[in-house]
Amino acid sequence: MPGLVGIGVGPGDPDLLTVKAVKAIQSADIIMCPASKEDRPSIALSVVSPLIDESKNQEIVKLVFPMTKDKDILEATWKKNAKIMAEKVLLGKNVVYLTVGDPYLYSTWIYMYKDLKSNYPSMEISVIPGIVSMFTFASKVGVSIAEGAEKVAIIPSCYDLSSVKEIAKNSESMIFLKDGRYFDQVIDVLKESGFPDDSIFAIGQDLGTDHEIIRKLTLGEVNDDTLTTKYFSILVVKRV
């Protein structure tokens with residue numbers, strides 16, 4: 001039966017794809033994936049590329065999502081790409097859409113799903129969750145995300161530092177996702193919010209790839225050489 005499946009492909013390691021995701025990808029007529037520009041590679045597609053059987057002649061469709069904060073451009077992009085998805089499904093195709101991590105955590109999928117449900121209410125849509133970077137990272141560095149009644153805050157890129165400061169005052173663990181270019185700005189904020197120098201400070205980039213870098217130290221040991229400027233980065237800070 002034709003339909004659309006949103007698939008979380010995890011943090012970058014093909015071995016962390018779920019069995020259900022692999023089956024859906026291999027049985028799809030069309031594989032859709034996000035990219036920031038037409039001439040840029042899709043990270044999500046690169047994760048699943050070892051699974052693609054070229055003899056099946058599956059169609060690969062790259063959907064462009066420009067890196068901008070302009071709300072009008074973003075909304076027009078979501079609508080345009082949702083329409084592309086819908087048109088393929090309405091032609092009787094089995095379509096999968098790949099997204100790094102999980103479709104329901106800071107993903108482009110969320111916005112297109114809302115548009116599709118509004119404009120194509122009878123369309124068959126399902127989602128296969130993926131392993132998100134924070135859990136992959138925790139398993140690599142041996143840091144618990146939360147214990148007992150500890151509170152966890154997840155912060156996306158482009159930080160509002162005043163908001164981060166208030167959130168940090170009431171959290172035992174802080175997880176900063178997506179954009180390592182901002183990590184240097186939060187160090188002083190964390191200290192001002194009461195995170196002691198012996199707090200666990202773990203930072204990683206390009207998880208699950210050949211370029212993976214992971215560092216684990218304390219907040220007091222952090223210096224400029226410790227940080228990363230890569231977009232796909234993660235920072236976990238935890239009180240001890």
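Guide: Asparagine 81 is found in helix H3, which covers residues 71-90; helices here are DSSP runs of H or I with at least four residues, strands are runs of E with at least two, and both are numbered from the N terminus. This is a predicted model, in which local features need pLDDT of at least 70 and side-chain atom pairs count only at pLDDT 80 or more, while totals for chains, interfaces and linings use all residues. Residues are numbered from 1 along each chain as its sequence is written, and side-chain values use heavy atoms, with hydrogens and water left out.

Asparagine 81 counts as buried because its relative accessibility is 3%, where buried means under 20% relative accessible area, exposed means over 50%, and partly exposed lies in between, with a 1.4 Å probe and protein chains only. The side chain of asparagine 81 reaches the backbone oxygen of valine 64 at 3.2 Å. Once its neighbours within four places in sequence are left aside, asparagine 81 is in contact (heavy atoms within 4.5 Å) with Leu63, Val64, Phe65 and Met112.

Turning to the whole chain, there are seven helices and ten strands, and buried residues make up 44% of the 240 residues. Of the contacts with a separation of 6 or more, 70% are between residues 24 or more positions apart. The C-alpha atoms of the chain fill a box of roughly 60 × 35 × 35 Å, taken along the principal axes.

Methods. A polar contact is a pair of N or O atoms within 3.5 Å; within protein, one must be able to donate a hydrogen and the other to accept it, and residues adjacent in sequence count only if both atoms are side-chain atoms.
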